[in-house]
Amino acid sequence: MKIVAVTACPTGIAHTYMAAEQLEKTAKSLGHEIKVETQGAMGIEHELTVDVIRDADVAIFAADIEVEQRDRFDDKRIIEVSVQDAIKKPTAIFEKI
Amino acid sequence: MSSRPGTSSAVVSREYTFRCSLRNGLHARPATHLVEVASRYDSDISLTNQRTQAIADGKSLLSLVSIDLAESDECHVQIRGIDAEAALHAMCEFTRDVLPACDEPPLPAPVPNVAMVVPRALRDTTFYPGTPVCDGVGRGRVVLLDGFAFPTDLDTQASGSIEVELRRVEDVFAAVRAKLAASYEAVTDETERGVLKAHLSIVSDNSLRSKVTALVNSGSSAGDAINQISRYFIDLFQSSDNAVTRDRAVDVKDIAMQLLKELYGDQVQQGHVRLTTPSIVVAENLTPSQFQALDKQYLEGLILEHAGATSHAMILAAAHGIPTLTDVSDACVRLANVETVIVDANCSLVIPDVNHITEAHYQRVKQRDEQRQHRLERYVGCGVQTTDGQAFSISANVSTGIEVAKAHEQGADGVGLFRTELMYMDREDAPTEEELFTAYAETARVAGPHGVTLRTIDIGGDKPVAYLDLNPEENPFLGNRGVRLYRDKRDLFAAQLRAILRASAFGKLKLMVPMVSNVEEIRWVKSRIAETKQSLKAAGQAFDENLSIGIMVEVPSVVYQLRDLSHEVDFFSIGTNDLAQYFFAVDRGNERVTELCDTSHPAFLRFLKTIIDEAHRHGRPVSICGEMARSARMLPLLVGLGLDGISVAPSAILRLKALLSGLSAAECRRVADTALDATDPREVEVALQTYHAQGLAIQMSEPDLMLTDSHSHSKAAAIAEFVDALYVAGRTDAPEIIESAFWTREETCSTAVGHGFAIPHCKTDAITVNSFGVVRLADPIEWGDDSDTPVHCMVILAIRESDPDRTHMRVLAKLARKLMEDSFRSRIMAAGDRIDLLNCLAEELHLKS
């Protein structure tokens, strides 16, 4: 599957990136394609474009705060989880998709 | 009897109105100057505050202060007497040209370093808040100091004879005046002298005397009269809207107590106490005399209910470094039955309950302070070089003699700038050669091997030095100041030269001349020096034959005369504050344009490079003594420009030395080259940032932040241990705030990431440099949340809130990601000592090590 994801945590310096790392590793190990946008202390990085989002099958939000520019995902099925879940139990998330 | 032409013996009346433009109103200091001017004339001079209709005698300090003339108040001046015309002229000139400049406080109000956060360990402890006056932590036995209520039980029966009572008044005033004058002569500390001077002017005040005398004439005893009139002024001052005036009420009280003590001897309860063990003195308020009388050997701290932060007693406390808190409500009552108390002026807390928790906390605080001091001490008494062996001196800028000895303790390589004008200000006459010599000789004695550079007086029309009779100028900064003044004030200058030369026999001194704009000026100065040397030699007085002479580079014209000036002087010191003003044509004090005066502007940097290169070409060292040198950010630039050193405020020295020891001169030169080529300050900033980013391994972490074998047994202890490490490493001055920030994050959501690892982190400007570290726990600890495994390793991050640094953020993001990898975690656990661990991390994160 083609997956897009956004990670966002309050302080934006650690969990955002750990969650991104976990999602990427797990997705790849399960044979999925994934692109992860991080919303952290440096702002939005690896921003997901309209095209990329359109092509994706599903979106994952691993966030403890509001995801910025959420409206990009208006037509997408979104799986919302906490940042902790993405870090500690990423495999479970992919079972949901 | 002949009358001088142009005068008449008729009584004349004159009047005019002025508007008070003093931000803090007409308080004691400007009022003193006004009194000096008014007192030169026979005429009666009265000032009426148009807003309140209160009238003051222009020759009475107390009277002037009591009419509470505030900013924007209109004041009507009435002059009546034979010399009214001359008085009018002088008063007009004074209130128009001099008065507006009299606004700075004479004694620096204490500026403590405050955390303003309750330490986590003390969360559940009882404490009372206060306002810090001087930082530090003090612990001791509570000693309550009685208020100085006016004595009510004195035998104040009038003797029955008005003459006798008047005589008593005279004697008592004279006695107190004499005592104060004697103290004033004996004391060398400038802060104490300032207080004594203020007291002298109160005891000499016209209005105080005349009012007391009037009461006595109407039948009161001397004691009663003094009592009543003092209370009158005290009440008047205390009800002022002006905080500075309110603080002076205590000074009047102090004088009143001294007068009454003179009159009644031991019957007067003075509010003094003898300290015999380490004590914390608790009182409602404190007069300067009461403070001075306290044995400093046992005075560990002060707690006041309502002493004003700028009152003289508080200023003295700060000057003596006594941890002090004021505004502690009802302190006397609340601490009446407490035996031991702790004054934590760093966190603004009074701890009345000293138990094992507080003991443990302050033990920890003491330990980390000692460790921090120890770490910095390696720089005391020795110069520092860059990593590639370039020497760069860091000296101190001081204004008083006591700061000189302290400067060495604070790591200074000598004193690069001793501002001598302080001894000339706030007095009625010039200091004598002897006075100056005493001060300079003492300075020379403690000068150390690097010496003290005395800058000859740097005064101009902007500073009110009454006895110099300086004509007010339209543009004092472009006027008769610094060296330009010396020709007119030959005796003044001669006295200073003699004092400096004589003092040079006692230690290493250097002489530096301000405001030089051409070669001829310095040649003139050197001739005067030569004359002085001759005269001293003839009198058989010793001096340093090879006294080093230098000039301030602050007038731009000097920059293109460096070749010729190099033949005349031994060194150059760039006064960047004034040089930049003249360079950019900006008045730094003018808010509208001050931004244009940017010392990091490439044009100014090129200007500096010109100066440095030219001076070096002619074999003369150059340093900077302006504010730009103080900035840690600019240090690589200054080193890269080729300066031989800088002179800064003492408190900045150790930090700068630590920074310097990690710089590479070659890289600094590269940064400087880029900056010199820039078009605007922003490009300079980018160059600096890039430089700092390249030193990542050094900047973001260090061996002392790799706590490889921690024996902390709880999350709280482990975090505290790391916070202390940050503090000792100089990466924060407010450990309480950092600790609090870590906990804020902990309470938001768990920082455990599984596999026995946790990543506590925080975002706060209390950390001076974005940092990370590792705490490897000898015994795993409970993380206290729903997490599965106990934690045996913490990777801790602390980042700044403002000026986010992308390069640093990238490193931290990478670090966070790597923590998700088994192999990375294993490497962290397997690394040997601190250095190994740091190297391992540097490698994994691609940092330059």
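Start with a group of four rings: Phe583(B), Phe584(B), Phe604(B) and Phe607(B) make up one aromatic cluster. Before going further, note that this is a predicted model.

Counting over all chains, the structure has 11 aromatic pairs. In the pair of Phe583(B) and Phe584(B), the ring centres are 5.0 Å apart and the planes stand at 90 degrees, so this pair is edge-to-face. The cut-off behind that label is an angle over 60 degrees between the planes.

Now the barrel. How many strands close into it? There are 8, all in chain B, in the order β13-β14-β15-β16-β17-β18-β19-β20, and their pairing is parallel. On average, neighbouring strands in this sheet are turned by 30 degrees against each other, with direction ignored.

β13(B) and β14(B) run parallel and are joined by 3 bridges. There, Ala396(B) has Val415(B) in β14(B) as its bridge partner. Leu454(B) has Leu511(B) of β16(B) opposite.

Helix α20 of chain B, residues 602–617, lies across β17, β18 and β19 of chain B, and runs at about 150 degrees to β19(B). Helix α22 of chain B, residues 653–660, lies across β13 and β20 of chain B; its angle to β13(B) is about 165 degrees.

Last, a pair of helices. How do α7 and α8 of chain B cross? Helix α7(B) spans residues 222–238 and helix α8(B) residues 243–264; their axes come within 8 Å and cross at roughly 170 degrees. The two helices are therefore roughly antiparallel to each other, since angles over 145 degrees count that way. By class, their contact has 12 nonpolar, 5 polar and 3 charged residues. On the α7(B) side, the residues that meet α8(B) include Ile226(B), Phe233(B) and Phe237(B). On the α8(B) side, Arg246(B), Val252(B) and Leu260(B) are among them.

That is where I will stop; questions are welcome.

Methods:
Residues numbered from 1 in each chain as written. Chains lettered and ligands numbered in written order. Predicted model: local features only at pLDDT ≥ 70, side-chain atom pairs only at ≥ 80, totals over all residues. Heavy atoms only, no water. Pairing = 2+ DSSP bridges. Helix = DSSP H or I, 4+ residues; strand = E, 2+ residues; numbered from the N terminus. Axes fitted to C-alpha atoms, helices over the stretch in contact; angles between N-to-C directions. Contact = heavy atoms within 4.5 Å. Parallel < 35°, antiparallel > 145°, perpendicular 65-115°, else oblique. Nonpolar A, V, L, I, M, F, W, Y, C, P; charged D, E, K, R; others polar. Phe/Tyr/Trp six-rings, centres within 6.5 Å; stacked < 30°, edge-to-face > 60°.
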